[in-house]
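Keep the sequence and the 3D view open as you go.

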Amino acid sequence: ATAEPRSFSAAEVRARCAEGACLVSCHRRLYDLSGFVRLHPGGEQLLRRRAGTDVSAALDGPPHRHSANARRWLEQYYVGDMEPGEEQVPPGGRGGCGPNRDTVLCPILGQCVGPTVGASNYCLLPQDLVDWQKPLLWQVGYLGEKYDEWVHQPVDRPIRLFHSDVLEFLSKTAWYVVFMVWTPVVLYLSWVSYTSLAQGNTRLFSSFTTEYSIPVHKYYFPFIFLLGMILWSLLEYLIHRFVFHMKPPASNYYLITLHFLLHGQHHKSPFDSSRLVFPPVPASLVIGFFYGVLRLLLPEVLGLSVFVGGLCGYVIYDMMHYYLHYGSPKKGTYLYGLKAYHVKHHFEHQKAGFGISTRFWDYPFQTLIPEETFKKED
């Protein structure tokens, strides 16, 4: 038999919050957000201020109207119900759905459901489509038409991709590994590029004409480096939009599997800290490919200078991406807005907001996430 949900008194909730826990209620349902406060896009202090209160009105905004995915996410932290008569009174009315209060308002559906049975009720997600005790990579291809909806309903749990412990290890990367591996490469190649340009032998268009070729002085290196960073930001946008967010055909097992490996697993578990940055081994293959392209298009030293700027842009992108998921930027800062923007991409606007380190390219490509507006109440 399924156990009845635990009941909490208002005094017990206050006591636990005083000890540092972050418990909030949505009508009669109680949630423990202690493990999520640092990840909250609105900032830790915002949730801390709401500890011990009813957040049902806050979920609808302003300043932010929470998506269905955000409400599903909340359900993962459900710990029980408030005792009858002791639930908080949210702005705008009482918390129950009927005079007998045997039903509750589903945070996802926005309607009364119940009675609550065990740790779940009608408003929760149906039984999952995969076996989380087994590697997911070889399961997702069988989801077919259900894959796209399933992969864009995020969960707060780690993912295992491979049966092999070695492959599983190689698929995970701590954020500082990217910095430690690629920063020395950026510094060394920057020195090589600058000293090579200082020799005065690099000329643009020299393969076509010697009379009108343009000399590239060492003083141009910072601008060439910056050009590489700008080109990376464009490449970041294009890869994210057209490769990572391709919609694989429902009938193609292998393309679904590839999509999940490349990016789908990140959308399914966006706060899996071991898979927020690109592992160095596969990254080196991609980086080597783009270096080869630049060598074909530009003189050797000039191509290297652009390349090292792009490589620096990649390192900054990976560090920022990790911070946008796990950092707590100060409200009003550039990174605070960028974190909220990126979380909206994960939870509500998966077909927009493809810029990560910058929103710039979302403007000309018309994929900017729209600002929310709220009608003023009389």
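**Exercise 1.** Find the handedness of the crossing of H6 and H7.

Solution. The crossing of H6 and H7 is right-handed; a crossing is right-handed if the near helix is turned clockwise from the far one by less than a right angle, and left-handed if anticlockwise. This is a predicted model, in which local features need pLDDT of at least 70 and side-chain atom pairs count only at pLDDT 80 or more, while totals for chains, interfaces and linings use all residues. Residues are numbered from 1 along each chain as its sequence is written, and side-chain values use heavy atoms, leaving out hydrogens and water.

Next, take the angle: the axes of H6 and H7 come within 11 Å and cross at roughly 135°. Axes are lines fitted to C-alpha atoms, for helices over the stretch in contact, and angles run from 0 to 180 degrees between N-to-C directions. H6 and H7 are therefore oblique to each other. (Under 35 degrees counts as roughly parallel, over 145 as roughly antiparallel, 65 to 115 as roughly perpendicular and the rest as oblique.)

**Exercise 2.** Describe how H6 meets H10.

Solution. Start with the axes of H6 (residues 175-198) and H10 (residues 300-326), which come within 9 Å and cross at roughly 160°. H6 is therefore roughly antiparallel to H10. Their crossing is left-handed. Finally, sort the contact of H6 with H10 by class: 19 nonpolar, 5 polar and 1 charged residues. (Ala, Val, Leu, Ile, Met, Phe, Trp, Tyr, Cys and Pro count as nonpolar, Asp, Glu, Lys and Arg as charged, and the others, Gly among them, as polar.)

**Exercise 3.** Which residues of the largest nonpolar core touch the most other members?

Solution. The core has 32 residues, and Trp182, Ile287, Phe307, Leu311 and Tyr314 touch the most other members. (A nonpolar core is a set of buried Ala, Val, Leu, Ile, Met, Phe, Trp, Tyr and Cys residues joined through side-chain atoms within 4.5 Å.) Now look at the helices: H6, H7 (221-244), H9 (280-297) and H10 each supply at least two residues of this core. H10 gives the largest share, 15 residues.

**Exercise 4.** Is histidine 40 buried or exposed?

Solution. First locate histidine 40, in the loop between strand S3 (29-32) and helix H2 (44-49). (Helices, H or I of at least four residues, and strands, E of at least two, are DSSP runs numbered from the N terminus.) At 13% relative accessibility, histidine 40 counts as buried. (Buried means under 20% relative accessible area, exposed over 50%, partly exposed in between, with a 1.4 Å probe and protein chains only.)
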